[in-house]
Structures are given as C-alpha cells and as structure tokens.
Amino acid sequence: EITTLSDVRRLAYSGIHPNAVHLLNRDIRALKNVKNQDARVTKLASILNLRMQDLRTKNLDAAYSTYYGKHLNSATLRAYGDLLEKISEGGRLSQSADKFLIETMERAETGKKRVIAGFPAGYIFAHKTGTQHARVCDFGIMRKIEGDKRVVIAACTRNIASLTKAEHVLKSVGEAVYKSGLFKAGL
C-alpha cells in the first residue's frame with residue numbers, strides 16, 4: 001500500500017498515540033522542526049492536547065519500528081531492483097514513459113553524497129533517494145555518460161547514528177560497484 005509522506009508521519013506517530021492520525025500538515029511540519037526525539041514526543045503530546053502519561057510510548061524509535069512492521073510504502077531491495085531493471089530495459093511502462101521516468105530520475109538533486117559519490121566523473125545515476133527515521137536509501141540505474149551499459153543499484157542503511165554516516169556507507173557501496181569492474185569492456 002502506498003501512502004502520502006504526510007500519512008507516513010501520521011501513521012508512525014500513531015504508534016505514540018492513535019489521535020496522531022488526525023495531525024494537520026502544519027502539525028507535521030512543526031514536529032519535523034524539533035530535532036531532539038524526546039522533545040518531539042513532548043511536542044506531539046502538546047499538539048494533541050495530551051498528558052505524557054496518555055501516550056502509548058515516549059520513544060520515537062519504537063513508534064517507527066511499529067510503523068515499519070506494517071510494510072507500508074516499502075518493498076524488498078530485490079523487488080525495487082527488479083522494477084528498475086525492467087524500467088531500464090524499457091519493458092515496464094510505455095517506451096516514452098520509461099524514457100521520461102529515467103530522464104526525471106537523472107535530474108534528481110538529492111543524494112549527491114550517496115551512491116554517486118563513489119563513482120568518478122563521467123557517470124550518471126538515474127535515482128530516487130529515500131530518507132526516513134533510521135532509514136537512508138538510494139535506488140537507481142548507473143551508466144557512463146558515454147556508453148550503453150547500465151547497472152541497477154538498490155541500497156539502504158538502517159539504524160546508523162547519523163545521516164552523514166549513512167551517506168558515507170552508501171558512497172562505499174558506489175565505490176565497491178565501481179571497483180568491481182562491471183563497467184569495463186567485456187563484462
């Protein structure tokens with residue numbers, strides 16, 4: 001099941017209290033601006049006009065863990081990779097739609113420190129990033145600017161202490177794929 005990003009937050013916060021499913025978009029933005037997790041839970045209680053003892057949990061990690069266990073807005077890395085392979089081969093959508101999707105993904109402005117950072121100049125990564133609580137992902141189709149060879153890469157991190165460290169791990173994935181020799185002639 002696919003939901004909106006706002007609904008992801010509502011559903012995750014509902015692990016703290018069921019009334020969170022009624023949060024307004026402005027409430028979600030206000031919560032996003034609170035960086036400390038404990039303070040965010042306190043802010044959620046305030047927005048919902050609840051006492052701290054009314055909450056199911058005061059732990060944002062536990063709330064997101066429950067949300068992730070519902071498998072909404074998710075797929076396995078293999079399934080995501082298979083989908084990208086079909087799009088890359090032009091067999092998933094119409095030819096013009098496949099081309100439009102890949103060109104749109106090539107223009108992505110996010111993820112410059114992720115997988116693509118592990119490649120030297122001369123490569124294009126048509127990709128989609130994903131960043132959630134304790135999850136940082138980068139999925140896409142890598143190709144040389146001059147060449148037809150394409151490689152699908154689907155990588156995620158979870159429970160890494162910071163975005164910077166997670167991006168470094170994803171950069172390492174890019175480095176490993178580049179060093180593997182997949183883009184060398186004859187492979």
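Mentor: Happy to! R143 counts as buried, because its relative accessibility is 18% and the cut-off for buried is under 20%. Keep in mind as we go that this is a predicted model. R143 belongs to strand 2, which covers residues 135–144. Its side chain makes a polar contact of 3.1 Å with the side chain of E106. Leaving aside residues up to four places away in sequence, R143 touches E106 along with G122, Y123, I124, K149, R150 and F183.

Now let us step back to the whole protein. Seven helices and three strands make up its secondary structure, and from the N terminus the order is α-α-α-α-α-α-β-β-β-α. Of its 187 residues, 36% count as buried. The C-alpha atoms fill a box of roughly 65 × 35 × 25 Å along the principal axes. Among contacts between residues at least 6 apart in sequence, 46% join residues at least 24 apart.

For another piece of packing, turn to helix 2 (residues 25–32) and helix 3 (residues 37–47), whose axes come within 9 Å and cross at roughly 155 degrees. The two helices are therefore roughly antiparallel to each other, and helix 2 passes helix 3 in a right-handed crossing. On the helix 2 side, D27, A30, L31 and K32 take part, meeting R40, K43, L44 and I47 of helix 3. Sorted by class, that contact has four nonpolar and four charged residues, with no polar ones.

Technical notes
Residues are numbered from 1 along each chain as its sequence is written. This is a predicted model: local features need pLDDT of at least 70, side-chain atom pairs count only at pLDDT 80 or more; totals for chains, interfaces and linings use all residues. Side-chain values use heavy atoms; hydrogens and water are left out. Helices (H or I, at least four residues) and strands (E, at least two) are DSSP runs, numbered from the N terminus. Buried means under 20% relative accessible area, exposed over 50%, partly exposed in between (1.4 Å probe, protein chains only). A polar contact is a pair of N or O atoms within 3.5 Å; within protein, one must be able to donate a hydrogen and the other to accept it, and residues adjacent in sequence count only if both atoms are side-chain atoms. Contact means heavy atoms within 4.5 Å. Axes are lines fitted to C-alpha atoms, for helices over the stretch in contact, and angles run from 0 to 180 degrees between N-to-C directions. Angles under 35 degrees count as roughly parallel, over 145 as roughly antiparallel, 65 to 115 as roughly perpendicular and the rest as oblique. A crossing is left-handed if the near helix is turned anticlockwise from the far one by less than a right angle, and right-handed if clockwise. Ala, Val, Leu, Ile, Met, Phe, Trp, Tyr, Cys and Pro count as nonpolar, Asp, Glu, Lys and Arg as charged, and the others, Gly among them, as polar.
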